[in-house]
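Hello,

Here is the structure I promised to pass on to you. Have a look at it first, and then read my notes below.

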Amino acid sequence: MNNPIANNPTVKVWDPLVRIFHWSLVFFFFLAYFTEDDFETIHTWSGYTVAALIGFRIVWGLIGTHHARFGDFVAMPSTIWRYVVAIPAGKAKRYIGHNPAGGAMVIALILSLAGTTIFGMALYGADEQAGPLAGTWIATFDEHTLKEIHEFFANFTLALVGLHVAGVIFSSFHHRENLPRSMVTGRKESRADDVDTSR
């Protein structure tokens, strides 16, 4: 079978800060997740790093490069739905930046990670009287309740990560491209029928 994307030019999509953010977030989220019970110091500082990364991504989503901005990939629910229902029919369009479903996943991950870190810091404040939320109203909640909420968001984030990876694999096969590689190199192949909001 001929490769329909052979010899197509590439375009820069993901800036270095987006790529560093992405892979750093992967590393520190899983480091925090797997050190929860036995390595509290590592877990705590990994959580702080995740919180800082999420804070950076929110700012960069407002002032960053074109495809990094929320305005490029945050879509209306109807647009997301049309994209999702087009997938089984093989008619989902290829986007240079995040597709509508991918954009929704970015927002879901940011919100879930924000919940994970906020309630994690609240739990730390309630349990150890330490951290940035120690002494605040949220740290006065019952420790068991804070722990349950923190763990819910952490596990929900893990489920979202699984869906994200599945979506990346499916989209890579569907559009015959290597999406993980594009998050390393920052470049994607350009095709005539792409949806590219920077044009």
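**What I found**

Tryptophan 81 is found in helix α4; helices here are DSSP runs of H or I with at least four residues, strands are runs of E with at least two, and both are numbered from the N terminus. This tryptophan is exposed, with a relative accessible area of 57%. (Exposed means over 50% relative accessible area, buried under 20%, and partly exposed in between, with a 1.4 Å probe and protein chains only.) Between the C-alpha atoms of tryptophan 81 and tryptophan 23 there are 28 Å, and the two are 58 residues apart along the chain.

Before you go further, please note that this is a predicted model, in which local features need pLDDT of at least 70 and side-chain atom pairs count only at pLDDT 80 or more, while totals for chains, interfaces and linings use all residues. Residues are numbered from 1 along each chain as its sequence is written, and side-chain values use heavy atoms, leaving out hydrogens and water.

Now the overall picture. The protein chain has 7 helices and 2 strands, and their order from the N terminus is β-α-α-α-α-α-α-α-β. Its C-alpha atoms fill a box of roughly 60 × 30 × 30 Å along the principal axes. Of the 199 residues, 39% count as buried. Taking contacts (heavy atoms within 4.5 Å) between residues at least 6 apart in sequence, 68% join residues at least 24 apart.

Next, the largest pocket, which holds about 1,100 Å³ of space. A pocket is an open set of points on a 1 Å grid over the protein atoms alone, where a 1.4 Å probe fits, with protein on both sides within 12 Å along at least five of seven lines; lining residues have an atom within 4 Å of a point. The volume is the space filled by probe spheres set on the points, which are joined across faces, edges and corners. Of its 46 lining residues, His22, His98, Met105, His164 and Val168 are the closest to the centre. Helix α6 gives the most to this lining, with 13 residues.

Two loop residues are also worth a look. Glutamine 129, in the loop between α5 and α6, has a positive phi near 50 degrees and is exposed at 60% relative accessible area. Arginine 176, in the loop between α6 and α7, has a positive phi near 55 degrees, and its 39% relative accessibility makes it partly exposed.

Best wishes
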